[in-house]
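Subject: Structure handover

Hello,

Here is the structure you asked about. Please open it alongside this note, which goes through what was found.

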Amino acid sequence: MIRRIRYESMRLVEGPLLLKLQSFLIKRQKKKPEKYPELGPPLKTEERLRKMISLHYLTGRYADGAVPVAWATSGAPVEILRPLNYHVVYPENHAALCGARHMAGPLLELAESRGYSPDLCGYARCDLGTAFGGRTPAGRLPRPDLLVACTNICQTVFFWYRELARHFQVPLVLIDTPFLYGEPLPHQISYIEAQLRTLADVASDVARRPYDLESLIRATLLGMEGSLLWRQCLETNKAKPAPWSAFDQFVHMAVIVALRGTEECNSYYRELLDELKDRVKRGIGGIANERHRLLWDNLPVWFKLRSLSGRLASKGFHLMASTYTNAWGETADLLNETDPWRGMAKAYSHIYLNRDLPNKLRVMSQLVKLYECDGVILHSDRSCKPYSLGQISLSEKVAQACGARTMLLEADHIDTRAWVEGAVDTRLQAFMESFK
Amino acid sequence: MGRIEYIQKQQKEHSRKVIGALPVHYPKEIFTALDVVPVEIWGPPGLKAGEGAGLIQTYICPIVRNAMSFIGSGRADIVDGLFFPHTCDSMQGLATLIPDWLNWRKPVFRFQHPRGSHRPEALNYLRDEISLLVRSLEKAFGLSMNMARLHEALRLHKEAEGLIRLLFSRRLYFKGSDRELYSLIRQGEFLRVEDHIPLLKKAASEMADRPVHKAIPVMITGYVPEPMALLDALNAAGAMVVADDYAGIGRRIPRPIDNRLDDAGGIDAVIRRYLSLPPCPTKTMNPQSRIPYLLSLIRESGARGVVIHEVKFCEPELFEIPSLRKAFESEGIPVLFLETELETELSSRTITMIEAFLEVLKKNTKGEAAA
């Protein structure tokens, strides 16, 4: 009971107060001159984003013992956990945060010192490093009572969460989503649906609360609305200049990942959408001088977001769309409040990464056309093998299909050791020069 | 007879269809029952870069890269179709890259086994996947599944597996080297089980009455015994493999304790056998099941040490290494970890590591004898 009061107090009173104080202190700090003046003005909603995510991690510090805690993959059906009042931690989101704050290195090394190969996914290594007690910008993550992994983003999560289950000795529920070669077969959807129901049962047992279908439907509707709002935010970039960059999107997607299925999430995206529409009306772009529009494929290089963005912007290249951020908005229509289980089974199996290469080509071509991109950067991500395998052919095919110039950028989404500054610079220069 | 001659013979003399099968787990009995011959593509090792090699990044596992190169360069054109089990992300990617974008025009079959396959929903799904595979093969090649033939296929595979188990359990009585033993077992990667059994029987019948090797017994675990030179190096250093947990060898042999074949018929028997396979990181959900299994394998075989031999970039295997090492070391079992690609020869560094490991095992053995 005391822990619950502490948690709620942090969520509703202390946390917001602390963050207000932090904002005040930040505002008082002397502003450094902008390193990349070619970037557009920052989004006003960034302040709210910072507060929401900070509050999420801050309250998380007090969550264990107060409310049930689940660690889940980004593609897991969180709608099932919301009605049971779980505090949900997304290790991928946390690892991205570590990457963006340049704090992932020691966590990766800690996992490696315990025998995990540097060839394994960086997110997984970062997360395992955190589980082993490494220092995190979030302060600490609450210990999970339940682990939920969904293979719609990769099989890696299956292996990675099995290690977490071994470490924490808590139940692991796996939602095994068969890979879609074309459209799903009825038995595949039935299989996923049955697993979703199992998740509800196990989550209910762990939370010691009965399952309430009404609440599930409410969370599903909220999740649907959130994804649609996110998609609308992305689609404001049809305007020229595009009001925000893909680098902004990588940051602002934290809410759809970590708080999906909540009113808080939807209210945030309504505000963001208003701001983006206003920018479109006033002709404000994500970069100062948009001459070329680029699509990004794969996860971002979290530790180089700003410098990559600035480097491209300095030559008038606006990286303003990505297959990664698009993935959180593309299956919203498949959710269905009249048959939530079946709807979720369909929506969670149709994820971009769970589908074949012809579908990837179709989505990329659509995005290139929708946003009138004249170039595509495919991040060949050493850490993310399922996203990267096929990119060499994809690069050629998307160029043929859409007439866009393409380049393959070798890096890693979180491991700085895979970043070779000189090589990246040379390739980027050559790519940008090819537009002359 | 080499693979190519064998494949041609099956196609020309027996009008059988031959399928190029990618690793690792699949219900082989189904192919046997339909009289389709799966010829497995494990890389292959030591391959010169072919047409498809440049289409996959170098940080993807060499089995997938080499398979891409092998098939892309037309060297697999002899087969009548390709088969992709759902092993890992990379294999899953290959199963779209080759048929969709590599101009592969022959039939393609896929088998997506469930992860954590003992759950009720997983069993229903597994049944549907196996049935789908049967229907796909029937449709593509104009075949028809016969339950009597399936029953016979199950019997044959059980017999072959029993012989392989015998060869390992009485390893020190088998006169040949580890390379010879593994070569014999691995002929099952392309021979029909009917053709494999006589070879296994012959080897079993030629075993000596008493142990013929004075080597230190070890267990080996990993993905695939390539390069085979690794086995030569182990033998040369004074070790012998008495227990096997390679995904491609030992983990494909159902455990007899669970193998209640007689209780079930048809597809149910195939499912039971599938569920009786030893734990494998590519499909087993329970993180606690593998270590007790491996420790019992070590105990029963009398292995004095463990060689963990992995293929570089193999995610399912690599995630498990720390807990395996910890478990073995806490039991006082020496462990050697080796990571190789599909090269043809071993590096001198690897050979030195093997020699040093054997020195430790020999010292331990002497110490125990003195005590």
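A residue is called buried if 20 or more other C-beta atoms lie within 10 Å of its own, exposed if 12 or fewer do, and partly exposed in between, with C-beta atoms placed from the backbone. By that rule, buried residues make up 48% of the 371 residues in chain B.

Two notes on the source. This is a predicted model, in which local features need pLDDT of at least 70, side-chain atom pairs count only at pLDDT 80 or more, and totals for chains, interfaces and linings use all residues. Residues are numbered from 1 along each chain as its sequence is written, while chains are lettered from A and ligands numbered from 1 in the order in which they are written.

Chain B overall

Chain B has 14 helices and eight strands. Helices (H or I, at least four residues) and strands (E, at least two) are DSSP runs, numbered from the N terminus. The C-alpha atoms of chain B fill a box of roughly 65 × 50 × 40 Å, taken along the principal axes.

Now contacts. Two residues are in contact if their C-beta atoms, placed from the backbone, lie within 7 Å. Take the contacts in chain B with a separation of 6 or more: residues 24 or more positions apart account for 71% of them.

Where the chains meet

In the interface, 37 residues of chain B are in contact with 39 residues of chain A. Four helices of chain B each supply at least two residues of the side that touches chain A: helix 4 (89–101), helix 5 (120–141), helix 12 (315–318) and helix 13 (321–330). Helix 4 of chain B gives the largest share, eight residues. By class, this side of chain B has 18 nonpolar, 10 polar and nine charged residues. Here Ala, Val, Leu, Ile, Met, Phe, Trp, Tyr, Cys and Pro count as nonpolar, Asp, Glu, Lys and Arg as charged, and the others, Gly among them, as polar.

A sheet in chain B

Chain B holds an open sheet of four strands in the order 6-5-7-8, with parallel pairing. Two strands pair if DSSP finds at least two bridges between them. Strand 6 (239–246) and strand 8 (335–340) of chain B are the edge strands, each pairing on one side only. From one strand to the next, the twist averages 25°. Strand 5 (residues 216–222) and strand 6 of chain B pair in the parallel sense over seven bridges. Gly222(B) has Tyr246(B), in strand 6 of chain B, as its bridge partner.

Helix 9 (residues 229–237) of chain B packs on this sheet. This helix touches strand 5, strand 6, strand 7 (305–311) and strand 8 of chain B, and its direction makes about 145° with that of strand 6. Axes are lines fitted to C-alpha atoms, for helices over the stretch in contact, and angles run from 0 to 180 degrees between N-to-C directions.

Backbone points to check by eye

Most residues other than glycine have a negative phi, and most peptide bonds are trans. These places depart from that pattern.

- The peptide bond from Lys240(A) to Pro241(A) is cis, with omega near -5°. Pro241(A) sits in the loop between helix 8 (213–235) and helix 9 (246–252) of chain A.
- Glu226(B) and Pro227(B) are joined by a cis peptide bond, with omega about -5°. Pro227(B) lies in the loop between strand 5 and helix 9 of chain B.
- His102(A) is not a glycine, yet has a positive phi of about 60°. His102(A) counts as exposed, with 11 C-beta neighbours inside 10 Å.
- Asn103(B), also not a glycine, has a positive phi of about 55°. Asn103(B) counts as exposed, with 8 C-beta neighbours inside 10 Å.

One residue in chain A

Is Glu79(A) buried or exposed? Glu79(A) is buried, because 27 other C-beta atoms lie within 10 Å. Glu79(A) is in the loop between strand 1 (69–72) and strand 2 (87–89) of chain A. Leaving out residues up to four places away in sequence, Glu79(A) touches Leu216(A), Ala219(A), Thr220(A), Gly223(A), Gly261(A) and Met344(A).

Best wishes
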